[in-house]
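Please examine the sequence and the structure shown below. The paragraphs that follow lead through a sheet and then through the nonpolar cores.

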Amino acid sequence: MPRATASRSGRRAAGRRPRPATGLVATSGRAVPSAVLAVALASCATSTPEPTTAAARLPDGLTTSILQSRQDVVDGRLVVEIDNATGADLWFSSFDVEAPGLEPGLHFEGPRTIPAGRSVQYRVDLTPARCDGDPGPAEVTLTVVATGDDEAGAAPEAGAAATGTIEADDPYDTLPRLQNSGCLTAAVERVASFTLADRLRSTGSGVDRRAFLDIEVEPTGDGDASVDLSEVLGTTLLSAEDGLNWSTTTAHIEASDAPTTISLPVRPARCDPHAGAEDKRGTILPLVITTSEGWSGQYEVRAPASLKADLFAYFTERCGLPST
């Protein structure tokens with residue numbers, strides 16, 4: 001499945017610090033919700049206590065952030081970092097993330113413990129992008145079981161002590177990028193599919209061998225949408241025969257067009273042995289695309305297994321490296 005990156009023009013999410021919340025009451029090694037403590041005290045004073053409807057709120061000192069590493073991008077996951085600056089260990093049972101630019105369903109099921117003074121990252125599977133509004137900010141709804149210092153190190157008994165919502169920071173504009181990635185991909189694929197051919201075309205042999213990557217473009221024939229290809233970017237493994245990127249490769253493609261093929265003269269980007277041995281993303285071509293729907297960025301086209309094998313063999317042969 002191709003992936004897309006970059007941000008839609010004019011859309012950026014500004015992370016805001018969480019709203020303060022009241023604390024839990026700590027007793028002899030484990031926190032007890034203030035509402036529960038109030039009920040317990042009332043039961044000592046009278047046999048018919050008044051029912052309480054006040055829900056315990058999250059303790060002060062909890063903050064959250066939205067992040068994503070390069071590997072998380074590949075794995076399709078979102079990182080939620082929770083910072084426990086409450087001054088005590090914290091146990092939670094689960095959390096949910098509501099992000100306007102993503103469909104509902106971002107859920108993490110615990111239980112988990114966050115030691116006092118620690119920041120811990122948790123990963124959730126991404127949901128599809130929503131393309132009908134602003135991408136953020138996100139809110140994290142956290143259900144805390146207890147806080148306090150548990151000398152035995154055991155998890156607290158079941159039962160929610162506090163539930164509250166924290167507005168998450170987004171220091172690297174992860175949410176706008178994810179929304180743009182999903183919406184750009186969907187907009188492109190409504191116009192056409194871009195697929196790298198199964199095999200590498202080439203002529204000659206040895207260090208004189210020359211090769212071509214073929215991108216097969218198959219318009220959908222559905223609607224009047226279009227895309228504009230302005231450039232194909234080189235990778236850590238591959239580049240254009242006459243430079244780094246295929247900067248002169250441009251095309252205007254409409255959904256009603258006939259199928260076509262874009263041919264890219266390709267050479268190794270570098271010829272040291274480590275380039276091929278350590279490659280992870282060198283056979284994924286980023287296409288710089290703008291859609292008629294307004295989404296723009298890098299739409300990634302991945303080489304199938306047969307083409308990857310051809311490319312690594314070509315890399316080895318043209319660079320004059322020993323075969324392994």
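In which sense do β9 and strand β10 pair, and over how many bridges? They pair in the antiparallel sense over six bridges; β10 spans residues 162-167. This is a predicted model, in which local features need pLDDT of at least 70, side-chain atom pairs count only at pLDDT 80 or more, and totals for chains, interfaces and linings use all residues. Residues are numbered from 1 along each chain as its sequence is written, and side-chain values use heavy atoms, with hydrogens and water left out.

Strands are DSSP runs of E with at least two residues, and helices are runs of H or I with at least four, numbered from the N terminus. Two strands pair if DSSP finds at least two bridges between them.

Strand β9 (residues 139-148) is largely enclosed by the rest of the structure, because eight of its 10 residues are buried (under 20% relative accessible area, with a 1.4 Å probe and protein chains only).

A nonpolar core is a set of buried Ala, Val, Leu, Ile, Met, Phe, Trp, Tyr and Cys residues joined through side-chain atoms within 4.5 Å. The largest has 38 residues, of which F194, L213, I215, L285 and L287 touch the most other members. Helix α3 (residues 174-191) gives the most to this core, with five residues. Apart from it lies another core of 28 residues, including V80 and Y122.

Definitions and conventions: Buried < 20%, exposed > 50% of the residue type's maximum accessible area, 1.4 Å probe, protein only.
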